[in-house]
Amino acid sequence: MQLVLIGPPGAGKGTIAEKVAAKYKLAHLSTGDILREAIARGTALGVRANEYVETGRLVPQEVLGAVVAEGLRDAKDFVLDGYPRTLEQAEFLSGLPHVELDAVVYVAVPEEVAVSRLAGRLVCTACGGVTNADDGAAESCAFCGSGRLEARADDRLDTVKRRYEVYVAETEPVVEYYRAAGILREIDGTGSRKAVFARVEAAIGPLVACGDDNR
Ligand code: ADP
């Protein structure tokens, strides 16, 4: 199964993608995670991407295209999170060998919900686990038990506003592109993680062939 998750910043794509990857045994490719790791390690990609990520702008496709092509090279079944975000990227993706998307899951959340989630998001510096201050503030990570929790560098309010504007201008047309192609599945991304995941399963479950051992 080949899936794309699309939606505004704060829609919960990363959380959903992890669960979908585990349940349906898919490779998980997150361009945001790849870029943050490259920045943290100071690789050539990280050095080029840093100014864009920090300010909430899109990393140019000529920088990211090769990363996505490489990441998907050997993946038959995958969930892509954070890519494509522009029509140019959508066209690039559809031109890659072996890529034939089964569905694009559009996670819809109103701007207020997205912004308030991002304002409370905390990431573990050790394991990368994501929690939210609204879940009840904790000193250390609920996943690994030891890591320190901190806000993501691009979750500052001014950067969140910029990311949202970029989403409306650049990524909403991609949603319409996939709607026109007939592969868009829209789900309501509000409510608990459990409620949202149940909607995702209802949307993609029918794509899993009967008897398929992915199930
Ligand atoms: P979110 O979806 O919450 O905004 P991500 O972790 O997906 O967060 O992305 C963080 C940042 O990484 C983006 O603001 C952008 O700078 C960069 N980025 C991620 N994916 C792409 C992409 N497909 N094209 C260009 N830049 C990207």
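Helix α1 (residues 13-24) and helix α8 (residues 193-204) pack at an angle of about 55°, with their axes 11 Å apart. Axes here are lines fitted to C-alpha atoms, for helices over the stretch in contact, and angles run from 0 to 180 degrees between N-to-C directions. Helices (H or I, at least four residues) and strands (E, at least two) are DSSP runs, numbered from the N terminus. The model is predicted: local features need pLDDT of at least 70, side-chain atom pairs count only at pLDDT 80 or more, and totals for chains, interfaces and linings use all residues. Residues are numbered from 1 along each chain as its sequence is written, and side-chain values use heavy atoms, with hydrogens and water left out.

**Packing of α1 with α8**

- The two helices α1 and α8 are therefore oblique to each other; angles under 35 degrees count as roughly parallel, over 145 as roughly antiparallel, 65 to 115 as roughly perpendicular and the rest as oblique.
- The crossing of α1 past α8 is right-handed; a crossing is left-handed if the near helix is turned anticlockwise from the far one by less than a right angle, and right-handed if clockwise.
- From α1, the contact (heavy atoms within 4.5 Å) involves Thr 15, Ile 16, Lys 19, Val 20, Lys 23 and Tyr 24, and from α8 it involves Arg 193, Lys 194, Val 196, Phe 197, Val 200, Glu 201 and Ile 204.
- By class, 7 nonpolar, 1 polar and 5 charged residues make up the contact of α1 with α8; Ala, Val, Leu, Ile, Met, Phe, Trp, Tyr, Cys and Pro count as nonpolar, Asp, Glu, Lys and Arg as charged, and the others, Gly among them, as polar.

**The five-stranded sheet**

- An open sheet of 5 strands runs in the order β2-β3-β1-β4-β8, with parallel pairing; two strands pair if DSSP finds at least two bridges between them.
- At the edges stand β2 (27-30) and β8 (184-188), each with a single partner strand, so one side of each has no neighbour in the sheet.
- From one strand to the next, the twist averages 20°.
- Strand β1 (residues 2-6) pairs with strand β3 (residues 78-81) in the parallel sense over 4 bridges, and Gln 2 stands opposite Phe 78 in β3.
- Helix α1 packs on this sheet and touches β1, β2, β3 and β4 (103-108), its direction making about 175° with that of β3.

**Packing of α2 with α3**

- The axes of helix α2 (residues 31-41) and helix α3 (residues 44-55) come within 8 Å and cross at roughly 115°.
- Helices α2 and α3 are therefore roughly perpendicular to each other, and α2 passes α3 in a left-handed crossing.
- In α2, Ile 34, Leu 35, Ala 38 and Ile 39 meet Leu 45, Gly 46, Ala 49, Asn 50 and Val 53 in α3.
- The contact of α2 with α3 has 7 nonpolar, 2 polar and no charged residues.

- A second open sheet has 3 strands in the order β6-β5-β7, with antiparallel pairing.
- Its edge strands are β6 (130-132) and β7 (149-150), each of which pairs on one side only.
- Strand β5 (residues 121-124) and β6 pair in the antiparallel sense over 3 bridges; Leu 122 has Thr 131 in β6 as its bridge partner.
- Helix α6 lies across β5 and β6 and runs at about 40° to β5.

- The axes of helix α6 (residues 111-120) and α7 come within 11 Å and cross at roughly 140°, which makes α6 oblique to α7.
- Helix α6 passes α7 in a right-handed crossing.
- Glu 111, Ala 114, Val 115 and Leu 118 of α6 make the contact with Leu 157, Val 160, Arg 163 and Tyr 164 of α7.
- This contact of α6 with α7 has 6 nonpolar, no polar and 2 charged residues.
- The count of aromatic pairs comes to 2; rings of Phe, Tyr and Trp (its six-membered ring) pair if their centres lie within 6.5 Å, and planes under 30 degrees apart count as stacked, over 60 as edge-to-face and the rest as tilted.
- The ring centres of Tyr 164 and Tyr 167 are 6.0 Å apart and the planes stand at 55°, so the pair is tilted.
- Tyr 164 and Tyr 167 are 3 residues apart in helix α7 (residues 157-181), and are therefore separated by about one helical turn.

**Backbone features**

- Most residues other than glycine have a negative phi, and most peptide bonds are trans.
- Lys 25, although not a glycine, has a positive phi of about 55°; Lys 25 is found in the loop between α1 and β2.
- The peptide bond from Tyr 83 to Pro 84 is cis, with omega near 0°, and Pro 84 lies in the loop between β3 and α5 (87-94).
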